[in-house]
Amino acid sequence: ELFRLNNNLLLIALAAVVTQQVSTLVLGSSNLITDVAVFSLAVKITALLGFVIIAINSITAPQYAQLFSNNQLTEFWALFKQSRKILTISGLLLAIVLMVLTPVVTSFLDNGYSNLPLIVAILLVGQLANLMTGSVVNILVMTNHDAIHRKNTFFISLLNVVLVITFIPMFGIIAAAVIMSLTMLVKNLVSLYYVQRLIDNPGKA
């Protein structure tokens, strides 16, 4: 069982790397070198929101596993609701800070970075979706539904590759940012759907 879980997590991690890097590779192959630099910086800036969910997951992951194992589903969903609220509020506040500070950072860079605030704004949509849907990916893994998350991740990775190859050569960095946010949004909404479908909620009418 542990070997199966480790294999699933390894495959999920590899698919996630492909999803994150393919946009940069296609931008580079399209001779959009300045766009590669802008996109890479925007991804690093917006990735700061990811630290919020990493911090919350480090606390809640063992709690989800224990509550699910003990069939304490009322407490399980109460924890999900509370942590989701914290993630949403923290994410919105941090996103506002980044939206304010990014133009300041851009003012110190050359003209090639003039569209950095726009790219950051687009990528923040996906990052906020990641936070506002809650720790759904983590929950799938902690409740023995990692195989479903693996299939979801591979589907999203395939969709991402197709969209990137199709649209980045035509629309450049804007397409790269929109596709990354869109695939992140879809991944988390699908994960949320499965969490709500597969795990009983005694408090749900």
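The expected span of a helix is 1.5 Å times one less than its number of residues. Keep that in mind as you move through this predicted model.

Start by selecting residues 73-107, helix α4. Its 35 residues reach 50 Å from first C-alpha to last, close to the 51 Å expected. Now slide along to Leu 101: α4 bends there by about 25 degrees, and a proline, Pro 103, follows within four residues.

Show side chains for the contact: on the α3 side, look for Val 52, Ile 53, Ile 56 and Tyr 64, among others; the α4 side includes Phe 76, Leu 79, Phe 80 and Ile 86. By class, this contact has 13 nonpolar, 4 polar and 1 charged residues.

Next, bring in α5, residues 116-132. Its axis comes within 10 Å of the α4 axis, and the two cross at roughly 170 degrees, so α4 is roughly antiparallel to α5 as well. Among the α4 residues here are Leu 92, Ala 95, Leu 98 and Pro 103, meeting α5 residues that include Val 120, Leu 124 and Leu 128. The tally is 14 nonpolar, 4 polar and 1 charged residues.

Last stop: α2, residues 33-46. Its 14 residues should span 20 Å at 1.5 Å a residue, and its end C-alpha atoms are 20 Å apart, so the two agree. Which residues of α2 are buried? Select Asp 35, Val 36, Val 38, Phe 39, Ala 42, Ile 45 and Thr 46.

Note on methods:
Residues are numbered from 1 along each chain as its sequence is written. This is a predicted model: local features need pLDDT of at least 70, side-chain atom pairs count only at pLDDT 80 or more; totals for chains, interfaces and linings use all residues. Side-chain values use heavy atoms; hydrogens and water are left out. The bend at a residue is the angle between axes fitted to the seven residues ending there and the seven starting there. Contact means heavy atoms within 4.5 Å. Ala, Val, Leu, Ile, Met, Phe, Trp, Tyr, Cys and Pro count as nonpolar, Asp, Glu, Lys and Arg as charged, and the others, Gly among them, as polar. Buried means under 20% relative accessible area, exposed over 50%, partly exposed in between (1.4 Å probe, protein chains only). Axes are lines fitted to C-alpha atoms, for helices over the stretch in contact, and angles run from 0 to 180 degrees between N-to-C directions. Angles under 35 degrees count as roughly parallel, over 145 as roughly antiparallel, 65 to 115 as roughly perpendicular and the rest as oblique.
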